[in-house]
Amino acid sequence: MKKENLNLIARLVDEIFLDPRALKLAIEVLNEEKREAGLSPSDLYYIGMADTASWWWCARKSILANKKMEPEFFLAHLSDRIEYSMILEYLPVESRSLEDIVPRLPELKWEDIEHVLKIKSEDLQEISDEEVDLLALMEGDTEAKREGIRAHYRIAEQYPTIRWAFRWRDFMVAGVPDGITDSFVYEFKTTKDKFLLNYMKPVAFTQADLYAHFFRRPLKRVQIYLRETGEMLTWTEAADEENARTTLEKFREAVRENKAPKMPASWKCRKCEFKQECISSFD
């Protein structure tokens, strides 16, 4: 499929969600999905692989970040279901209304996701330095995050990827690897120095293990760029299924049984965006 057609479909999907009625309907769809999963509307259902992997940095932050991001994870997945269905010609591109689309949305199979990934990989394009700077300004709310975005496009290896959410127990687990090849998933991170590397590595490896588990790849390739020295550390090894399952089970137990995880090392709390919320939510 031509890049222009992919861009057209993406724009059409964005326009559908600009309708003021779309958000209300989307919330109704989410609540219905929760009921079908045996949950109440207030229960956490959509979680992200990156935020779940951060359990190994701070379990409390992992839970609070997932709760904050749940609406975005759900809306992204609903948007992806529509876009991919149009790409695969399961839905007409002329569709304009969420009310019209939702009842006709097909259940996409794994083979469909792989097919869309193949289509998107054929149109993988380099992003200009100007576009990278614009993305950094738009998406980075701190200089560290903006540096990370720039590094992702200028330093990280470039592979095709796709975003999707997978059912696991009574959760939908959403993620978009930094790259997907036929044999491995790719995860790229940046950190300031080797001290923080010791805390970043378990999170990065777990994130890659979750990607490998859900996107069905046997290997993971992890790179961590040290900003202080300009050093790039690289690991390519077998994905750890046990690590992925253990992380998910620990997260589920804490959420579903309402168990407060232990506090992290106090220095991790200093710049945490959930510092005040953490106190009121768990203590």
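Modeller: Start with helix H9, residues 194–215; helices here are DSSP runs of H or I with at least four residues, strands are E runs of at least two, and both are numbered from the N terminus. This is a predicted model, where local features need pLDDT of at least 70, side-chain atom pairs count only at pLDDT 80 or more, and totals for chains, interfaces and linings use all residues. Residues are numbered from 1 along each chain as its sequence is written, and side-chain values use heavy atoms, with hydrogens and water left out.

Biologist: What makes Met200 a kink in H9?

Modeller: The bend is the angle between axes fitted to the seven residues ending there and the seven starting there. At Met200 that comes to about 40 degrees, shortly before Pro202.

Biologist: And what follows H9?

Modeller: Arg216, with a positive phi near 60 degrees.

Biologist: Why are H4 and H10 called roughly perpendicular?

Modeller: The axes of H4 (residues 59–87) and H10 (residues 241–256) cross at roughly 75 degrees and come within 11 Å. Axes are lines fitted to C-alpha atoms, for helices over the stretch in contact, with angles from 0 to 180 degrees between N-to-C directions. Under 35 degrees counts as roughly parallel, over 145 as roughly antiparallel, 65 to 115 as roughly perpendicular and the rest as oblique. So H4 is roughly perpendicular to H10.

Biologist: Which residues make that contact between H4 and H10?

Modeller: Ser62, Ile63 and Asn66 of H4, with Phe251, Ala254 and Val255 of H10; contact means heavy atoms within 4.5 Å.

Biologist: Why does H11 get that label against H4 too?

Modeller: H4 and H11 (residues 275–282) pack at about 95 degrees, axes 11 Å apart, so they are roughly perpendicular. Arg60, Ile63 and Leu64 in H4 meet Glu277, Cys278, Ser281 and Phe282 in H11.

Key. The expected span of a helix is 1.5 Å times one less than its number of residues.
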